[in-house]
Structures are given as structure tokens and as C-alpha cells.
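Visitor: I have a structure open on my screen and would like to learn how to read it. Could you walk me through it?

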Amino acid sequence: MKALTAEGLSFGYGNELIFDGFSLAIESGEFLGIIGPNGSGKSTLLRLLNGTLRPLRGVVNVLGKEINRLSRKEIAQTIALVPQESFFAFEWTVQEVVLMGRNPYLKLLERPRQEDLNKVAETMKLTGVQMLATKSINSISAGEKQRVLLARALAQEPQILLLDEATSHLDLAHQVALLQILKILNEQGKTIVLVSHDLNEAALCSRLLLLAQGKTIACDIPAKVLTPDLIRAAYGLEPVVTKHPCTGKPQVLFPPI
Amino acid sequence: MSSKRRLSWAVIVLLLIFSGVLSILTGPGGFSYRILNQVLLFRLPRVLVGVVAGGVLAVVGGAFQGLLRNPLVDPWTLGVASGAALGAAFAIVTGTGSSVLLPVFAFSGAVLAIALVYVLARGRGGLTVIRLVLAGVIVSFFFSSLVMLVMVISHRSLGEAVYLMMGSLTVVFTRKSLGLFVISAILALAGCGWLMVHNRELDVISLSEETALSLGVDVQRLTRMVFLVGSVAVGLIIAWTGAISFVGLVVPHLVRMLFGPKHSQVLPGSFLLGAGVLLFADVLVRTLTPTGLPLSVVTALVGVPFFIYLLRTRV
């Protein structure tokens, strides 16, 4: 079963097309990384995949169903997005923010049930933010905020988890911890799509999509995507690619500066 | 519920009762059983108008602020109030001011104003704080000028025009107009009820449009409905009171400070506090000068410093 497919997507802001006839298929249970230079369309692609943006042409299918035929709530019960960052205009507590992840399961006027509160407590524990529950979302650090947003996404109990540079504000320890959580979720069967600027983080994915200017440069296992030739083609840079001494996965090092 | 929260609810309920009683007691002749008839005929309707007006303006202000994630918007800064005043002015000068056309014109004006602001503010990069407030101010000025123009060329007094643009709870009811007011009030309250029913969706959209979409909210529909329902409710009230400023802006902030940003608290809290505050402002208006003042003179004197405070700390 395909978790997500995009067929012949075209999309642009204003007159310029970012994607023109773009296609992609993501298997259920896959851990896909999307990499590419700034402006290559990574974030836009995520938003086309969860229906936040509508393509000019082409269709997106979620678990075999056309996304336009699903209600927003049905989509939100299947796909969750962890955004890059979030601005909060009002003083929400961390727990209130995570509880909003249960919105897709609540009817009008329905109060959160015990199972909703349990789910929220569980995901906050998983991402290590349970101690922050009563703190204001504006008083915590950027790294903590990002883990709160992950907890909210997991509270949606999604089968498909999209992450838009979700580790960009995290220190090394928290980055590794988050990647471990993602690995466990993936082993439990969730489909994960990770947009990242960190090529070594992306090397942990089971498959990598390398984008440049809305076009697929390569889509394959990391060892075949993180090669000097392809990285040069996408980023215009001569990197040093080596192998991780323990895992054997490709590692991309800075060129001499 | 925490004890602090319970105390806060008690305070705003008591403020409303206090202002209501004060409003009944204030007026020529003070209060005695001798003038009970007069009290029932003039002051009690005034209290009812004040409760509904203050409550509706504050609830709609709170909903607009949540919807647009912007502490500076309310029915007045978004031009809705002046749109409604223009509609009411049209009804008055065409001699239909005591017919059903008064509230109909007023809410049509309100909806026209919000639509205009929405179109003006919606540019590349979506709705921004600056564009919205700017568009609101421009539309407000434009419609206020039209109110003046329409009233003056129809040989109405400037005083009448000023009260229309700055608000008053002095409504002289006939039997027919009282019935119309009651219907307007019930519809406006129903609008507030609709907003309160959608409190959780307002919570989610107050984070961001994208977040709301990915959490299952039909953002486009919610945005249009909140604008529509809010403007109609405000228009139905302003038809009778004229445009009252700052209540819808300041009150929801105070309520958020007390209860946090959840709309299940903010909207009912805003209704009670908005009603109390407006009644109190009306008592001041009637006692400060022998001739009375437009309501917005008092609400703006308090509201503008608060607006500046918000501008310097929150935007």
C-alpha cells in the first residue's frame, strides 16, 4: 500500500512554477528524507502532500484515496505536520497546545475525554516535555517548542508524520533523541517524511529524495544519493563524502574552507 | 476550576450587577418609587441595550482577535462599526429609521465594510497585522465621512451624526421599535452563541492558519463565517446605539489576562465584562456633564492609552 502518492503536480507562487508535473510515491512504513538546497521546494512539497496547499494540476492520494475527497478532519487524523517554527500570539500553556492535536477527533462542543488527555500525557512523555505542561509556550526555549510541536503532531495519532526541518533548533543530544523517537515510530509502522538541511541526519532515512528547483535529482537509498556527483549537481559544491565508522552510512563533510 | 479563576468570574459578574444597579439609580430625580414608571420605561431598556451592546461588541472583538491572531483588531478598528453606522444613516435619512430596514441596512453596511477591508488587506503574503489595521482605519475614515455627508445633505443635525458615529445608549423606543430591537438583540445574541459554539476551532486558528488546516479546521469556511456572523451581530446592535469604540478591543484582552486564551472562557467572559464596562461608561457619560456625551468619548479616553500599551508591548 502506498501511504502517499503525488501524480503530475504543478504548483507555483505567483507566475513562476516551482513544480511542473512532479510525481512521487511513498510506501507505507517508509522513512523518506527530502533534501535539497534552499528554495528547491521541500517545504512546499510537504504542504502539497498534506493538502495545506492545493496544486494547480495533478492529484495527491492519501492511503489510496484522493485528498480532495477527504474532509480536513479525516486528513488530520491520518497526516500530521511538525512545522519548522511557530509563533504564538497568545499565552497558551504547553499542555493546551498539545491538546489541540486532539481537535480532529472532537466534535463541535465536545470536551476532551479522558482518552484524549491520556494520549496527550503519553506523547508529552515520549517527547520529554511533560515537565513543561503548565508553562507558557512563549516562555520555553526554541528546542523545547519544537518537541512540543512534535508531541502535538503525535497526539493526532497520524499514520503519516511529516517533519519540516524539525530538528533545526535542537542541540545534538535533543536532535539524536528526536531521531530515536522517529526511528521507534517508524518501526511501529508509521510512515515518516523528514525534510532536512542536515545531510548526515538525512542519511539515517531508508530512502532519500534529492530536490533541486522542484525537480527530482535522485530518489534512492542514501548511499546512492549522497554521492559527490549528485551533491555537486544539486548544491554546486564539492563536498567530502565518507562512511560512518560504525554504521557504514554515508557522511557528508564540509569541503575545506 | 482554580480559586483564582472562580474569583475572577465572581468579580466580573459583580461588576455587571453593580453597573446595572448604578445605571438604574442614575438619572434625573435619582431613584424613588414615585418615579418607578419612568424608571421602567426609560432606564430599564437603557440597561438592556447596554448589556447587549457591550456584550456583543466584546464577544465579536474577542473572536476577531483570535481569528486574525492580532490583538489590535475589533469591530471598530476593522471598519465594521462605521460601516454599520453608514447603513443606519441611510435608513434614517430615507425615513425608514423606525422600520425593519434600520437593522437590515446597518448589518449590510457592516458586512460591506468587512468585505472591503478583507479585500484591501489580502495581498501577496496573505493578511498581515499592518495591512488589516491600515485597511480598517481607511475604511473607517471613508465610511465616517460618508455618514457625515449623508446626514448633512439630508438636513439632519451634526449632533445626530456625531451620536451615530460615537454611540449612545439613549434609544427612545416606540412599541414597534422596541419589538424590532428585541428581534435584533436576539439575532445578535444568537450570533455570539454561534461564535461560542465554535470556540475550539477559534482556539486552533489562533495559532496559525496552516496549523489550523493541518489540525482539521476548514480555515476558509471558518474565516468567512466568523467575519459574516460577527459583522451582522455588530451591525444589528450599532443600528440602535451608533458606533461604540474600544469596548471590543480592550475587554477581550482583560479577559485573557484573567482566564488565559481559551475561547471557551474568553468569549463568555468578554460578554459579561463588556456589558459591565459599557454600562459603567454610560453612567459616567450621564453624570460627567449635564448634557451628556457620546459614549465613545469615555470608552476612547480609556481605550486609547490601552491601545498604545498593546502597540508597544504586543506587536
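**Where the chains meet**

Guide: Let's start at the contact between the chains: 21 residues of chain B are in contact with 22 residues of chain A. Keep in mind that this is a predicted model.

Visitor: Which helices of chain B each supply at least two residues of the side that touches chain A?

Guide: Those are α8 and α9 (209–214) of chain B. The biggest giver is α9(B), with four residues.

Visitor: How far can I trust the prediction?

Guide: For the model as a whole, look at the scores: ipTM is 0.92 and pTM is 0.93. Then go to confidence by residue. Where pLDDT is low, the predicted coordinates should not be read in detail. In chain B the mean pLDDT is 91, and 97% of the residues reach 70 or more.

Visitor: Where in chain B is confidence lowest, and where is it highest?

Guide: Lowest is helix α13 (residues 295–313) of chain B, with a mean of 85. Highest is helix α8 (residues 199–205) of chain B, at 96.

Visitor: Next, the fold. How many helices and strands does chain B have?

Guide: Chain B has 13 helices and zero strands. Its radius of gyration is 19 Å, close to the 20 Å that the globule rule gives for 315 residues, so chain B is as compact as a globular protein of that length. Its C-alpha atoms fill a box of roughly 60 × 55 × 35 Å along the principal axes.

Visitor: What about chain A?

Guide: Chain A has nine helices and 12 strands. A compact globule of 257 residues would have a radius of gyration near 18 Å, and chain A, at 19 Å, agrees with that. The box for its C-alpha atoms is roughly 55 × 40 × 35 Å.

Visitor: How much of each chain is buried?

Guide: In chain A, buried residues make up 41% of the 257. In chain B, 53% of the 315 residues count as buried. Take contacts with a separation of 6 or more: in chain B, residues 24 or more positions apart account for 76% of them, and in chain A for 64%.

Visitor: Which residues of α7(B) are buried?

Guide: L180(B), F181(B), S184(B), A185(B), A188(B), G191(B), C192(B) and L195(B).

Visitor: And what do those buried residues pack against?

Guide: Four helices of chain B: α2 (36–68), α4 (101–121), α10 (219–241) and α12 (263–288).

Visitor: Which residues touch the most other members of the largest nonpolar core?

Guide: That core has 174 residues, and the ones to look for are V56(B), A84(B), A85(B), A88(B), V234(B) and I237(B). The largest share of the core, 14 residues, comes from α2(B).

Visitor: What does I237(B) touch?

Guide: Leaving out residues up to four places away in sequence, I237(B) touches V52(B), A53(B), V56(B), L57(B) and A188(B).

Methods
Residues are numbered from 1 along each chain as its sequence is written. Chains are lettered from A and ligands numbered from 1 in the order in which they are written. This is a predicted model: local features need pLDDT of at least 70, side-chain atom pairs count only at pLDDT 80 or more; totals for chains, interfaces and linings use all residues. The radius of gyration is taken over C-alpha atoms; the globule rule is 2.2 Å times the number of residues to the power 0.38. A residue is buried if 20 or more other C-beta atoms lie within 10 Å of its own, exposed if 12 or fewer, and partly exposed in between; C-beta atoms are placed from the backbone. Two residues are in contact if their C-beta atoms, placed from the backbone, lie within 7 Å. pLDDT is the predictor's confidence in each residue, from 0 to 100. A nonpolar core is a set of buried Ala, Val, Leu, Ile, Met, Phe, Trp, Tyr and Cys residues joined through C-beta atoms within 7 Å.
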